[in-house]
There are 2 protein chains.
Amino acid sequence: MSLATDKNPVTQAKGPFVVGGIMIDFPDLSDIVDSTASKIVMLVVDGLGGVPHRGTGLSELETASLPNLDRLAQMSAGGRTIPVLPGVTPGSGPGHLALFGYDPLKYFIGRGVLEALGIDALLRDGDIAARGNFCSIDSNGILTDRRAGRIPSSESFPIVETVLSTINVPNVELVVLPVQDHRFVLIARGSELSANVTETDPQRTGATPLLVIPTEPGAQKTAEVINTFVAEARELLSDQPKANMLLLRGFSKLPSFPSFAQTYKLNPAAIAAYPMYRGLAQVVGMEVIGTGNTFGDEIRVLEDHYGDHDFFYIHYKHADTAGEDGDFEAKVKALEDLDTYIPRILDLKPDVFVVAGDHATPAIMAAHGWQPVPLLIHSNLTIGDGIDAFSERACLGGSLGTIQAQHLMLLALAHAGKLTKYGP
Amino acid sequence: MSLATDKNPVTQAKGPFVVGGIMIDFPDLSDIVDSTASKIVMLVVDGLGGVPHRGTGLSELETASLPNLDRLAQMSAGGRTIPVLPGVTPGSGPGHLALFGYDPLKYFIGRGVLEALGIDALLRDGDIAARGNFCSIDSNGILTDRRAGRIPSSESFPIVETVLSTINVPNVELVVLPVQDHRFVLIARGSELSANVTETDPQRTGATPLLVIPTEPGAQKTAEVINTFVAEARELLSDQPKANMLLLRGFSKLPSFPSFAQTYKLNPAAIAAYPMYRGLAQVVGMEVIGTGNTFGDEIRVLEDHYGDHDFFYIHYKHADTAGEDGDFEAKVKALEDLDTYIPRILDLKPDVFVVAGDHATPAIMAAHGWQPVPLLIHSNLTIGDGIDAFSERACLGGSLGTIQAQHLMLLALAHAGKLTKYGP
């Protein structure tokens, strides 16, 4: 992964941005947004929400010892966010876009682009990115394993570098970058490429990998390029024991979204140790500052650059990782670790401090969940809702109620005194 | 009513269905819906929600002794549904469509069609149905009573059969079916009929019944047919003491809605003792199984067919009937009766058991109400929200929050493991 990072600094998503409404239900925010000196810090705890443990009846947040977050809850307004709709589990893309105020059903980042963002890959406007999987086929070309036995990075990275990276197709520049295990990213760069092509993954074993078909007339060239690449790869991979074929999904271009900075009249900064979250922030036009490896690094970056911006998105990953692993105790520990950093954020005295999550990742589900996510907003207008702790149940009783995540930015701006009256 | 039922088996609404989004706010559910073996039972308690009794301060649910529903509440996720919008009281059509996941402001079933569904009348694609009222006019043709003194069925049914059913109009087949008291249904069958015509009811006494006027060019023939029928009827009814004229409202065709089964990748079954609710289920493409007369019959049908489907809509009517009658005690009794059947549903061990209502029918209003309706979802992910009873107030504190009824299906699917992640 470092290989990709070193070769490909993050330079994507400098615009151009579309001017337009980012919420379906509030088309023109510029009428009511005001630029002021106040500062907002939005801490996004990935996979924040949980579900009670079957044994104790307590969720991860309720089990954890969180003296600082509990004290913060006691002097904040509490509530819950619904990332997309009740029952709908978001991926990281929709989960973050909603917190940034973008209607997640209107704005969409494709799987290929997100995978590329996740390894800090260079994406230029017009590039097509796809997520690739190595897979296994039998002598008749029938898929026997869609993930090639989940071969480890130590086996797959050399195949990407020595095999896939050598493939040339006329009239287009192809870049293949390893991701992890059986996964890689294919980027096609050239004129007149289109993401409107079908995927090659039949989504089941027992079938043959599919040809790419254009779904619009302008995608003919792209389909030919991809099919040529796949045919060549198949030949070159034929003597591999497991990874003797590949599948491509989620063809997509870097989208042109309205600018977060322009929409909210903010000078926003993003701090995230994991590349995908830096990429998501850049897609909406935030400036990425610092790329440390730990949350402690992130906090230091926040402290060092606190004078330079009026909005900070800071991302905490480990709650999600532990939840995805189905490790209840590890998620409890991740939340307790996070708690120790809260005083350092409060010491900066942000005018508004938001603690939110992009989605729940209940450890008992070992996956993202659809559940409403706990939320706190602390400002000089909050003195506490009678909530005594930071948890799913406590926040259910908070004054913010249960809101759509895409409306959170409005509340953050309002608490910061950055929203004027709507209508006379 | 049995007359209409016997002559006209339910055969409507076998499609064709429109492929498309059934919620305005989630255009393509097929991306995230997964077909699995899990089973969902949705119990719709008609008119479920209520309002506290002035004397005791307790609602119908709070007054009733509901040991089984209370126990269920203690191990479920609770919440409330808003059928349409805050303050908006739904009819049975919008109330049910919302629970089935159809945006009730986008999908509409006309008054004529709903009245026909309520008597199990045969409706074919293209038929025009209207709700008819007998009424009284004076010698100048001025309306003196829009409901003909609410003449009883014993008087009105013979008039329908011996007078209205004898009327012939060229180029169209007319079917007139009695409903109850002063009400009947007119069905016009033939080519090139349109529901886009005005109503004949001026909505007040002191005016004359109106001529039907086409509101689109293609409705000329229909307007002529209806006006001819009304003129003929007026002559034939002229010697009736009360029912000497008729009014027609709600001209409508059986709508083409997206298929519930296709949208949710379910094999859905509907169980309802009352025809209208079977008809509503058929309009969205559910298979009606069994047409017993009591809720006990319905439960037996559920038990007998439990292996054949993965989604069951089962309808309980009496809470609404008692509420509409303004009979608080009868509604309490209806809820207590329902409670005794809950163990038989739980014995089937559905993966997801939803208890919902299409709307409130508070006894003190003696009518449908707009109030949020209590909701329970029980699955292997619920262990209770701290709710100790099934009531409006208890459910207000539940983790599901107060949601739009049209999103309930998403939650039911999510709890059943039938929804995959939205977006990468």
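Which strands of chain B does helix H12 (residues 328-346) lie across? The answer is E1, E10 and E11 of chain B, and the helix runs at about 175 degrees to E1(B). This is a predicted model, in which local features need pLDDT of at least 70, side-chain atom pairs count only at pLDDT 80 or more, and totals for chains, interfaces and linings use all residues. Residues are numbered from 1 along each chain as its sequence is written, chains are lettered from A and ligands numbered from 1 in the order in which they are written, and side-chain values use heavy atoms, leaving out hydrogens and water.

**Sheet and helices of chain B**
- Eight strands form an open, mixed sheet in the order E9-E8-E10-E1-E11-E12-E2-E13. Strands (E, at least two residues) and helices (H or I, at least four) are DSSP runs, numbered from the N terminus.
- Strand E9 (287-288) and E13 are the edge strands of chain B, each pairing on one side only. Two strands pair if DSSP finds at least two bridges between them.
- Strands E1 (residues 40-45) and E10 (residues 311-316) of chain B are parallel and share six bridges. There, B:Val44 has B:His315 as its bridge partner.
- Helix H3 (residues 67-74) of chain B lies across strands E11 (352-356) and E12 (373-378), at about 65 degrees to E12(B). Such angles run from 0 to 180 degrees between N-to-C directions, with axes fitted to C-alpha atoms, for helices over the stretch in contact.

**Sheet of chain A**
- Chain A has an open sheet of eight strands, with mixed pairing, in the order E9-E8-E10-E1-E11-E12-E2-E13.
- Strands E2 (residues 77-82) and E12 (residues 373-378) of chain A run antiparallel, joined by five bridges. A:Thr81 has A:Val373 as its bridge partner in E12(A).

**Where the chains meet**
- Chain B brings 25 residues to the contact, and chain A brings 31 residues. Contact means heavy atoms within 4.5 Å.
- About 2100 Å² is buried between the chains, 69% of it from carbon and sulfur atoms. Buried area is the accessible area (1.4 Å probe) that two parts lose on being put together, summed over both.
- B:Leu381, B:Tyr422 and B:Pro424 supply 37% of the area that chain B buries against chain A, more than any other three residues.
- Strand E13 (401-404) and helix H14 (408-415) of chain B each supply at least two residues of the side that touches chain A. H14(B) gives the largest share, four residues.
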